[in-house]
Amino acid sequence: MIRADLHLHTVFSDGAYTPEEIARRVRDAGVSLFAVTDHDNMEGVERAEEAAKKEGLLFVRGMEISSYSRSGKVHVLGYQCRKDSVYQAFLKERAEGSYLRADDARKKANEALQMNITMEEVEKSRPQKNTPIHTMHVVDAFASRLGRKKLWVYRKYFSYGKPAYSDLYRPTPFDAINTIHALGGIAVLAHPAQIWVSESERKSLLDELVKAGLDGIECFHSSHTEKESAYFAAYAKEKKLLVTGGSDFHSDGGERILGLPEFVASDELLKAFALL
């Protein structure tokens, strides 16, 4: 039995810790297999892989494509993707689009809050300048000025349907699946319970994604209830999809704890990752 956490973020997107720090925390949490899944890039995977070796851990390279549909946030995790010319073109497109989207969200938030946050302030919260800007970098700038927690600011102003939400240059989940497959990777729907639509609408979207080539579902996630996890696991079994799980950990002090929920990788998943 191999305990795994296949959804972790580092400073290469909106996480608080370096790949090396994440690897140490994974070891301390009693997890044996982990994946770094930074948003829209894999620039930290080599460091994470090297750190995993030093800590005696198994590692899977990954990323989380921040895709959206008519249902709002529908993120897709990509595992075992290549870093080739297709990836470099994807990274360039995501980086350019993310800057324009961040600036749009910043302007909307300034208008809604009667503030004057600049892009220079937003950039201060982004330690890795070679990766796409994430919405949370914008949120961080406003949260610091407001003296509020980032999650509160995000939910009140920047999430789907809120005053500072921006959908500029966001790929669809179908685009994400196609990109991951073009990179030789495995496409897994992230935290499906966070698709905020009716159960019937979500089921319809899941069916569409399966037809588009979705390979798996993150059935076990820190935001899922036991009932939700069981529902998605049953759906994955019916559709013969891979089952994954992850904490979606970003930093200490938040709602997501590294290594939770506890998830044990199946032999089928380990084979897909070429670890068995």
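Select helix α6 (150-158) and then its surroundings, where the buried residues of α6 pack against β4 (68-69), β5 (72-73), α3 (85-113) and α5 (135-146); contact here means heavy atoms within 4.5 Å. This is a predicted model, in which local features need pLDDT of at least 70 and side-chain atom pairs count only at pLDDT 80 or more, while totals for chains, interfaces and linings use all residues. Residues are numbered from 1 along each chain as its sequence is written, and side-chain values use heavy atoms, with hydrogens and water left out.

Within α6, pick out Val 153, Tyr 154, Tyr 157 and Phe 158, which are its buried residues. They cover an arc of only 100° around the axis, which puts them on the same side of α6; the arc is that of the directions from the helix axis to the C-beta atoms. Buried stands for under 20% relative accessible area, exposed for over 50%, and partly exposed for what lies in between, with a 1.4 Å probe and protein chains only. Helices (H or I, at least four residues) and strands (E, at least two) are DSSP runs, numbered from the N terminus.

Next, select α1, residues 19-28, where Pro 19, Ile 22, Ala 23 and Val 26 are buried. Viewed down the axis of α1, its buried residues fall within an arc of 100°, so they line one face of the helix. If you also show β1 (2-8), β2 (33-36) and α2 (45-55), you will have among the displayed elements some of what covers those buried residues of α1. Just after α1, stop at Gly 30, which takes a positive phi of about 80°.

Two further stops with positive phi follow. In the loop between α6 and α7 (173-182) you will find Tyr 169, which has a positive phi of about 55° although it is not a glycine, and which is partly exposed with a relative accessible area of 48%. In the loop between α9 (226-239) and β9 sits Lys 240, also not a glycine, with a positive phi of about 60°; at 72% relative accessibility, Lys 240 counts as exposed.

The bond from Leu 260 to Pro 261 is cis, with omega near 0°.

Now select Asp 215, in the loop between α8 (199-211) and β8 (216-221), which counts as partly exposed at 25% relative accessibility. Leaving out residues up to four places away in sequence, Asp 215 touches His 181, Gly 185, Ile 186, Ala 187, Leu 241 and Leu 242.

Finally, zoom out to the whole protein, which has 10 helices and 10 strands. Its radius of gyration is 18 Å, close to the 19 Å that the globule rule gives for 276 residues, so it is as compact as a globular protein of that length; the radius is taken over C-alpha atoms, and the rule is 2.2 Å times the number of residues to the power 0.38. Along the principal axes, the C-alpha atoms fill a box of roughly 55 × 45 × 40 Å. Buried residues make up 54% of the 276 residues, and residues 24 or more positions apart account for 73% of the contacts with a separation of 6 or more.
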